[in-house]
Amino acid sequence: ESPIVADPLRLYDFCPITDGSAALLLCPESVAEEYADEYVVISGIDGATDTHVVHEREDPTVMGGVVESGEGAYEMSGYGPDDVDVAELHDMFTILEFLQMEGLGFAEQGEAWKLVEDGYTERDGELPINTSGGL
């Protein structure tokens with residue numbers, strides 16, 4: 001029942017403006033082995049840009065930058081959406097998680113919400129997403 005910002009998105013679909021931070025140290029695996037018994041190896045990475053202006057997109061429900069960078073990372077790694085065990089997605093507002101799930105191939109177009117409703121993305125689900133709670 002919160003006020004509509006841009007129909008159908010409402011005020012509480014958006015995260016509050018807050019301070020926060022995160023850090024990621026990238027180094028050769030040989031260096032990681034010196035400092036930690038457990039570490040993560042990056043198999044693929046890619047980046048892409050797209051317009052934030054929704055009405056300029058061919059399809060307003062497709063985030064082209066997510067699709068393109070996801071495909072590039074999958075290609076580089078030799079893995080695909082079915083190989084992902086857990087995902088953290090940027091979810092500044094509620095619809096972003098769904099659009100990114102679809103753009104990365106975790107769900108068919110327009111179907112991501114069903115996976116969330118069915119518990120597929122819960123911590124103990126098939127593909128835990130935003131287990132940190134997201135933004």
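Let's start with Leu24, which counts as exposed because its relative accessibility is 69%, past the 50% cut-off for that class. Bear in mind, everyone, that this is a predicted model. Leu24 sits in the loop that runs between strand E2, residues 9–10, and helix H1, residues 29–35.

Now, in soluble globular proteins, nonpolar side chains tend to be buried together. So let's go inside. The largest nonpolar core has 17 residues, and the members touching the most others are Met63, Ala87, Leu89, Met101, Leu104, Phe106 and Ile129. Helices H2 (64–77), H3 (94–103) and H4 (112–117) each supply at least two residues of this core, with H3 giving the largest share, three residues.

What is Met101 in contact with, once we leave aside neighbours within four places in sequence? The partners are Leu89, Phe106, Ala107, Ala112, Leu115, Val116, Thr121 and Ile129.

His52 lies 55 residues from Ala107 in sequence, and their C-alpha atoms are 22 Å apart in space. His52 itself belongs to the loop between H1 and H2, and with a relative accessible area of 76% it is exposed.

Before you ask about confidence: the chain has a mean pLDDT of 91, and 99% of its residues reach 70 or more. Confidence is highest in H2, at 97, and lowest in E2, at a mean of 85. Thanks, all!

Methods: Residues numbered from 1 in each chain as written. Predicted model: local features only at pLDDT ≥ 70, side-chain atom pairs only at ≥ 80, totals over all residues. Heavy atoms only, no water. Helix = DSSP H or I, 4+ residues; strand = E, 2+ residues; numbered from the N terminus. Buried < 20%, exposed > 50% of the residue type's maximum accessible area, 1.4 Å probe, protein only. Core = buried A, V, L, I, M, F, W, Y, C linked by side-chain atoms within 4.5 Å. Contact = heavy atoms within 4.5 Å. pLDDT = per-residue confidence, 0-100.
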